[in-house]
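Subject: Structure handover

Hi,

Here is the structure for you to look through. My notes on what turned up follow below it.

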Amino acid sequence: MDDFRFGDRLFFVKRDDLTDPRYSGNKFRKLTSLLTTPPNRYSTIVSYGGTQSNAMLSIAFLAQAKGWDFHYYCKTIPAWLKAEPIGNLKVALDLGMRVHELSPSDFYERVETLRKISGGDALFVPQGGADPIAESGVKILAEEILAWCEEKGVEQLTVATPSGTGTTAYYLRKYLPRRITVVTTPVVGDEATLLNQWKRLEPDATCYPEILNATGKWPFAKPKLEYYAIWKRLKEAGIEFDLIYAPKMWLEILEANETLISPILYVHSGGVSGNTSQLENYRYRGLLDG
Ligand SMILES: *Cc1c(COP(=O)(O)O)cnc(C)c1O
């Protein structure tokens, strides 16, 4: 846990980005149960999602460590990227991941078929690791946060973490006591998207994280000057975060600053390995100063 002075407030940052160089932050948590699965339990992992996904990269490391084949499905890959893969895609391919392109028009039908034919020794992992498989690993993260509270004598606390699938925020809420507030922000879609994900994860859920969304909806991973600006300020303050999820969460925290219960603990979920390709995106769109 790091002390982190940002703006005029003191934060704590749970450095989940430093847990293991292979498994990006919360992806390590989501894959914890598979990391301890005997290699002979599966022969193949099947998953799908974006070409620079942090979950994809973490599964590629897992599959390599276990000797499992890893088949990853994505929508049509741009020709330039196929010719010269960069970022997470390059690393994952070097680890032996087999990538398959599906046409965007019936992508989700095709993925659903893949899910149905998986089973036995072929494990299907939904996009971003949004699966009950993730529960036991995120529960351990909650226990570590509680142990820290006890050690420091902290009674009340706000835990903040941005949501893609919302899996991390949801299971944190589930395993932290109610005196601890869990806040998140949807980086994919909006509040309704996030609520749907949570219901899919656990249909009978009764307690959800608090959603902050003052800055509104923004297309996933699309460069935005305000995101880059706060990312740079955070970096100058001493911690490099990811460029996709963290900027929005931090903007929301600053926006809600007055109303959030102190102290605020930010869970750094890694993703820094994706920054080179995302910075390329910013540069390509002419949004960078240097
Ligand atoms: C994957 C990821 C998230 C989103 O986690 P979910 O459990 O899908 O909500 C947030 N931040 C970073 C850095 C990530 O890599």
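A quick start with polar contacts: 6 residue pairs make them across the interface of domain 1 and domain 2, both residues of each pair being at pLDDT 80 or more. Keep in mind that this is a predicted model.

H6 gives the largest share, with 6 residues. Sorted by class, this side of domain 1 holds 13 polar, 7 nonpolar and 5 charged residues.

Now the charges. Domain 1 and domain 2 have 2 salt bridges between them. Separately, look at Arg29 and Glu144: their side chains form a salt bridge, with N to O at 2.8 Å.

In the contact, domain 1 takes part with 25 residues and domain 2 with 18.

Last, the buried area. The two domains bury about 1600 Å² between them. Carbon and sulfur atoms account for 56% of that. Which three residues supply more than any other three of the area that domain 1 buries against domain 2? They are Ile133, Thr165 and Ser277, which together supply 26%.

Best wishes

How values were computed: Residues are numbered from 1 along each chain as its sequence is written. This is a predicted model: local features need pLDDT of at least 70, side-chain atom pairs count only at pLDDT 80 or more; totals for chains, interfaces and linings use all residues. Side-chain values use heavy atoms; hydrogens and water are left out. Contact means heavy atoms within 4.5 Å. Buried area is the accessible area (1.4 Å probe) that two parts lose on being put together, summed over both. A salt bridge is a side-chain nitrogen of Lys or Arg within 4 Å of a carboxyl oxygen of Asp or Glu. A polar contact is a pair of N or O atoms within 3.5 Å; within protein, one must be able to donate a hydrogen and the other to accept it, and residues adjacent in sequence count only if both atoms are side-chain atoms. Helices (H or I, at least four residues) and strands (E, at least two) are DSSP runs, numbered from the N terminus. Ala, Val, Leu, Ile, Met, Phe, Trp, Tyr, Cys and Pro count as nonpolar, Asp, Glu, Lys and Arg as charged, and the others, Gly among them, as polar.
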